[in-house]
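I opened my notebook to look through one structure, step by step. My notes follow.

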Amino acid sequence: PVLDAEDAWVSVEGPVSIVELALEQKRIHYPLVEHQFVLCTILYAIMRLSLKAVKPLSLFDSKGKNAFFKDLTSIQLLPSGDMDPNVLSIRQQFLLKVVSAAVQTLCSSQKDKEVSEEEYFPFEKGKNWPTLAADLAQYLQVSEDLVRRHYVCELYSYGMDHLGEE
């Protein structure tokens with residue numbers, strides 16, 4: 001883009017403007033940022049739901065692991081459509097753990113204090129962990145229907161039949 005400046009501003013001395021600095025920056029590789037976002041979401045779910053015995057990097061193949069340590073402006077080889085069945089199995093188990101932990105946390109908090117999900121997770125209003133797990137399933141190449149079915153089964157097993165029917 002061309003930046004037009006008035007004559008009075010051209011003769012001003014000082015540091016480079018933020019706009020000029022921003023225009024000089026390299027463009028980021030969006031799929032790499034999206035890959036980093038998936039890792040951050042996984043780490044946040046592990047922390048927030050207190051999941052134990054989960055190794056986050058085991059959810060990615062060698063290309064995916066290598067991409068985490070590269071500059072966001074570089075073009076990296078990201079995982080292709082063909083995945084190792086063992087990695088897919090680990091991903092599926094992780095997503096099912098997230099759904100189970102979310103339902104268990106919600107049900108135990110409602111039985112203890114009769115509080116809503118928004119009150120239990122005050123900084124996460126509108127964040128539905130099972131829906132987040134289903135969204136992650138798309139990125140991790142796991143069947144979204146499998147995650148949703150597990151969610152319904154968990155709701156029924158905790159006696160929340162009215163939510164399971166929905």
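**Entry 1: the salt bridge**

I noted that the model is a predicted one. Then I looked at the two side chains. Glu144 and Arg148 form a salt bridge, with 2.8 Å from N to O. Side chains of opposite charge can pair when their charged atoms come close. I searched the whole structure for salt bridges and found one.

Next I checked how open the partners are. Glu144 has a relative accessible area of 22%, so I wrote it down as partly exposed. The cut-off for buried is under 20%. Arg148 is partly exposed too, at 38% relative accessibility.

**Entry 2: the rest of α8**

I took the length of α8 next. The helix has 14 residues. From first C-alpha to last it reaches 20 Å, close to the 20 Å expected at 1.5 Å a residue.

Which residues of α8 are buried? I listed Val147, His150, Glu154 and Leu155. They span an arc of only 140° around the axis, so they sit on the same side of α8.

What does Glu154 touch, not counting residues up to four places away in sequence? I found Ser100 and Val103. Val103 is 51 residues from Glu154 along the chain, yet their C-alpha atoms are separated by 6.7 Å.

I also looked past the end of the helix. Gly159 follows α8 and has a positive phi, near 80°.

**Entry 3: helix α3**

I moved to α3, residues 30-48. This helix has 19 residues. Its first and last C-alpha atoms are 26 Å apart, close to the 27 Å expected at 1.5 Å a residue. I noted several buried residues in α3, among them Leu32, His35, Val38, Ile42 and Ile46.

Ser50 follows α3. I placed Ser50 in the loop between α3 and α4, where α4 is residues 62-67. Its phi is positive, near 55°, and Ser50 is not a glycine. Most residues other than glycine have a negative phi.

Where is Gln141 found? I located Gln141 in the loop between α7 and α8. Gln141 has a positive phi of about 60° although it is not a glycine. At 34% relative accessibility, Gln141 is partly exposed.

Leu57 was my other stop, in the loop between α3 and α4. Is Leu57 buried or partly exposed? I wrote partly exposed, because its relative accessible area is 38%. Leaving aside neighbours within four places in sequence, Leu57 is in contact with Lys65 and Phe68. I also checked Leu57 against Ile42, 15 residues away along the chain. Their C-alpha atoms are separated by 9.8 Å.

**Entry 4: the nonpolar core**

I then turned to the largest nonpolar core, which has 29 residues. Nonpolar side chains tend to be buried together in soluble globular proteins. Which members touch the most other members? They are Ile42, Leu51, Phe60, Phe94 and Leu95. Each of α3, α5 (85-113), α7 (129-139) and α8 supplies at least two residues of this core. The largest share comes from α5, with eight residues.

Setting aside neighbours within four places in sequence, I found Phe94 in contact with Ile42, Ile46, Leu51, Val54 and Leu59.

**Entry 5: the whole chain**

Last, I stepped back. The protein chain has nine helices and zero strands. It has 166 residues, and 32% of them are buried. I looked at contacts between residues at least 6 apart in sequence. Of these, 67% join residues at least 24 apart. The accessible surface comes to about 11300 Å², and 55% of that belongs to carbon and sulfur atoms.

Conventions: Residues are numbered from 1 along each chain as its sequence is written. This is a predicted model: local features need pLDDT of at least 70, side-chain atom pairs count only at pLDDT 80 or more; totals for chains, interfaces and linings use all residues. Side-chain values use heavy atoms; hydrogens and water are left out. A salt bridge is a side-chain nitrogen of Lys or Arg within 4 Å of a carboxyl oxygen of Asp or Glu. Buried means under 20% relative accessible area, exposed over 50%, partly exposed in between (1.4 Å probe, protein chains only). Helices (H or I, at least four residues) and strands (E, at least two) are DSSP runs, numbered from the N terminus. The expected span of a helix is 1.5 Å times one less than its number of residues. The arc is that of the directions from the helix axis to the C-beta atoms. Contact means heavy atoms within 4.5 Å. Accessible areas come from the Shrake-Rupley method with a 1.4 Å probe; for residues, only the protein chains shown count as cover. A nonpolar core is a set of buried Ala, Val, Leu, Ile, Met, Phe, Trp, Tyr and Cys residues joined through side-chain atoms within 4.5 Å.
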